Amino acid sequence: MNYISPVLWQFLQHWMSNFPLFPPEASKIAPQMDALFFFMVLVSLVGLTIVILLVLSFSILYNKTRHPHATQIEGSTLLEATWTIIPLGLFLIMFVWGALLYFRVYTPPANAMNIYVVGKQWMWKVEHPGGQHEINELHVPEGVPVQLTLISQDVFHSFSIPAFRVKREAIPGRYTSVWFEATRPGTYHLFCTQYCGTNHSQMIGHVVVMTPDDYKKWLAGSTSGNSLAQNGERLFASLSCNACHNNTPDARGPNLANVYGSSITLSSGERVRVDDAFLRSAILDPSENVKQGFVPIMPTYQGQISEEGVISLVEYIKHLDSNYRIQQTLNTTQLLPSSEGQPAPSGNAAASGEVKQ
Amino acid sequence: MSTATIVSLPDQSTARVPKMNFLTRENGLLSWLLTGDHKRIATLYLISITFFFFIGGALAGLIRLELLTPQSDLLAMDTYNKVFTMHGIIMIFFFLVPSVPATLGNFLIPMMVGAKDLALPKINLLSWYLYMIAGVMAIYTMIAGGVDTGWTFTTPLSTHYLNTHVISTGLAIFVAGFSSIFTGLNFIVTIHKMRCPGMTWFRLPLFVWSNYAASILMVLGTPVLAITLVLIVLERTVGIGVFDPAKGGDPLLFQHLFWFYSHPAVYIMILPGMGVISEVVSTFSRKRVFGYTAVAFSSVAIAVFGFFVWAHHMFIMGISNYAALVFSLLTMLVAVPSAIKIFNWAFTLYKGSITFETPMLYAFGFMGLFTIGGMTGVFLGATGTDIHLTETYFIVAHFHFVMVGGMLMAFLSGIHFWWPKWTGRMYPEKISQFAAVTTFIGFNLTFFPQFILGMLGMPRRYASYPPEFQVLNVFSTAGATVLGVGYLLPILYLTWSLKYGAVAGDNPWQATGLEWMTQSPPLTENFPQIPVMDHEAYDYEWLERQQQQEVASV
């Protein structure tokens, strides 16, 4: 190749021989997804080869020089049935296989560790249950199922990790979820794949998969001091949620302890399961979600709490298994002289005597 | 390649293009702007959509140039977003949707069914005016500063988060929609009511069947798009809150409404192209289309099923898993009629007498590229693989294979095939064969690497991308320049042929359709007298007998 400059040649050679043709497989679902992908590639190649062979061989056998007079043929029911039924059968196999994978990707296992992701123009904000915050990065342990609960605070975004073969849209106004189990430590691309405005192509980041030990170290090193649930508890008090949701005999709001995961009846008669999505809409749109037997007096918190705030509250209610601390906080607040800012020491004798679980 | 040809031209030393034809009947600008003649309106459409195609093509060129390097350097991100938005809007609403129906369909359907004109000539002219008004609005939008919603207008981005010219774009597409509704309506009425004596439904050329199916989609689907765009405009101007979650609206509702039109729209775009391929493959293999009835009904099946697959654009958007299941199944069903067509065309060649003029080369290109485009559609229709592949370059490659590799190839095939009928003159054969091959090579080089990019996860609509994707993007951009040459050539030699092309005579291809039984270019009334259809479609033996009789009687 001495007619090309050797420097240019070396550059070209390096450049042209160093580009990926296939993404890394770094999650449990990735090899399963790729198996279907390659099955489809195979079927496509066979189909394409058949079409090309037919067209080529007929073009050679029956071109005008070799075959000057066409033989008129009306059609053939048998042949047509063949090329209706065989593609249909293959497509149905792909449908069933694909659907199995789809249900797997979008049905998180019960023991999955939950991480919240909020999309906004143009960044990903990640909230770990332990209170770690990240922007455009997501640290996850290897070999542990991780569920992402996604929401957008403005437009549609889409959280895509090609190496894991998973993707889910983050939609304003509702939670969506996806899960994965990372299998290979490393750093992988994180993209927003739903067009979201000017800096759409900058809404990218990294997913870092760590060994469980490294992950523990990372968790310890990145904590902001309070867990999500602790933040939620503070919000719960500062928004005066505890004024009604305290399970005292004259409480105006329903008891929230252990409510997560149970089924309740709404005043409309509808039975709903209390999950993240329900809690979110009960906070932001309470009049549509009144529990049977209660009066719709709760004000809406739409526009008053950020999506992160709602996430903290949801995380708090999720883990709330007794009303003890709620009542404690409530009583100490009530006992406070209005001029004093300092909270009274907890476990006030007068109050705790009165309140029982 | 065989040099045998079916072209039979009149003796060039004596032949003349008929003095009296639809092009020369009247002169002056007004005779064109106020015409009711479907052939003149088709000509107006042909010029206008070519104009828009080159605007859209120039924008595509800008996109590919920007993507030559990983950084956003040639265009600012905002500009890039406006460029791909305008590329999509112009190519879809101002080129692909009207391409075959409004030009070839307009020109041919009355002749194919043996009528003097479309049923509603004034409505036909109105639809061209609406198209032009919409086009002017779109160009105004572009000059005034552009729009960056993407052609999909995703809410709430388009309603609350952008300051660009969303309203004028939305209204432009709203108006363009009426143009296509009127065209569809006109075709349906014409095909039902204006068929000549003897022209039964099953003697109609397959081109008419496929345009009929597309017309149904236009008439039933486009109003939904119109309503959706009006809702977007109302949301922006008075904030009615249908799509706004803060007001109790649902942004997913927009997705449902938008794709309820926009999925059938891809069949509006591809079905008429399939009609062209049926005509061309039959003519150049001298054989009736294999399984005429199956091909005709598969067009109708595509039109019917096409309405029930829209949510396959929303598999990852949080629709219920079971809804995804149903829509995926229906998507698999709609893939079958396309497969049937491909095999029927391939078997039309069987025991034919094949020649390889330019329209046939484009048709072969169509069959290969549409097979790839269709098969990769199945990758996206299966819910599991869709999760990984959607919203990446895989989907970009998929729909360009169907729309550019399929539809544009079919359009060019049809333009070359009916060019002699339209203008009375032949295009130059050698250079056009060269252009067809160039287009095919350029197309594959441009879009095949994008499948790999998509599998690697490169998201669509990115002005900048990670550097490891560069090599494949360079291939793609290189291919785009070849493709550009492939599209420029026809403009040049077709214009040249208007004056210097060989005189074509009535029926240069020895084809059987009624449109070939009249002079080229046709009279304003199409036929000297209303023809009687006394043979089946694609009856080449009838044609031979006819020609022998003529020779005998002379």
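Author: One thing before we start: this is a predicted model. For chain B the mean pLDDT is 93, and 99% of the residues reach 70 or more.

Reader: And what does the model score on ipTM and pTM?
Author: The ipTM is 0.92 and the pTM is 0.91.

Reader: OK, chain B then. How many helices and strands does it have?
Author: Chain B has 16 helices and zero strands. Its radius of gyration is 23 Å, close to the 24 Å from the globule rule for 554 residues, so chain B is as compact as a globular protein of that length.

Reader: What does the C-alpha trace span along its principal axes?
Author: For chain B that's about 80 × 45 × 45 Å.

Reader: And how much of chain B is buried?
Author: 62% of its 554 residues count as buried. If you take the contacts in chain B with a separation of 6 or more, 85% of them are between residues 24 or more positions apart.

Reader: Switching topic: how many residues does each chain put into the contact between A and B?
Author: Chain B gives 79 residues and chain A gives 81. On the chain B side, helix α10 (residues 321-348) supplies the largest share, with 14 residues. By type, the side of chain B that touches chain A splits into 48 nonpolar, 22 polar and nine charged residues.

Reader: What about a tryptophan? Where does B:Trp422 sit?
Author: B:Trp422 is in helix α13 (residues 393-423) of chain B. It has 24 C-beta neighbours inside 10 Å, so B:Trp422 counts as buried.

Reader: Which residues does B:Trp422 touch?
Author: Leaving out residues up to four places away in sequence, B:Trp422 touches B:Phe107 and B:Pro521.

Reader: Where is B:Pro521, then?
Author: B:Pro521 is in the loop between α15 (470-500) and α16 (540-553) of chain B. B:Pro156 belongs to the loop between α4 (121-144) and α5 (157-160) of chain B.

Reader: Let's hop to chain A. In what order do the strands of the sheet with β1 run?
Author: That's an open sheet of five strands, β3-β2-β1-β5-β8, with mixed pairing. The edges are β3 (133-135) and β8 (176-181) of chain A; each has a single partner strand, so one side of each lacks a neighbour in the sheet. From one strand to the next, the twist averages 25 degrees.

Reader: Is β8 largely enclosed or open, then?
Author: Five of the six residues of β8(A) are buried, so this strand is largely enclosed by the rest of the structure.

Reader: How does β5 pair with β8?
Author: Strand β5 (residues 145-152) of chain A and β8(A) pair in the antiparallel sense over six bridges. A:Thr149 stands opposite A:Ser177, and A:Leu148 has A:Val178 as its bridge partner.

Reader: What about the sheet with β4 in chain A?
Author: That one is open too, with five strands in the order β4-β10-β9-β6-β7 and mixed pairing. Here β4 (137-141) and β7 (166-170) of chain A stand at the edges. Within the sheet, β6 (residues 157-161) of chain A and β7(A) pair in the antiparallel sense over five bridges, and A:Ser160 stands opposite A:Lys167.

Reader: And what lies between β3 and β4 of chain A?
Author: A loop that includes A:Asn136. Phi of A:Asn136 is near 55 degrees, a positive value in a residue other than glycine. A:Asn136 counts as partly exposed, with 16 C-beta neighbours inside 10 Å.

Technical notes: Residues numbered from 1 in each chain as written. Chains lettered and ligands numbered in written order. Predicted model: local features only at pLDDT ≥ 70, side-chain atom pairs only at ≥ 80, totals over all residues. Helix = DSSP H or I, 4+ residues; strand = E, 2+ residues; numbered from the N terminus. Rg over C-alpha atoms; globule rule 2.2 N^0.38 Å. Buried ≥ 20, exposed ≤ 12 C-beta atoms within 10 Å, placed from the backbone. Contact = placed C-beta atoms within 7 Å. Nonpolar A, V, L, I, M, F, W, Y, C, P; charged D, E, K, R; others polar. Pairing = 2+ DSSP bridges. Axes fitted to C-alpha atoms, helices over the stretch in contact; angles between N-to-C directions. pLDDT = per-residue confidence, 0-100.
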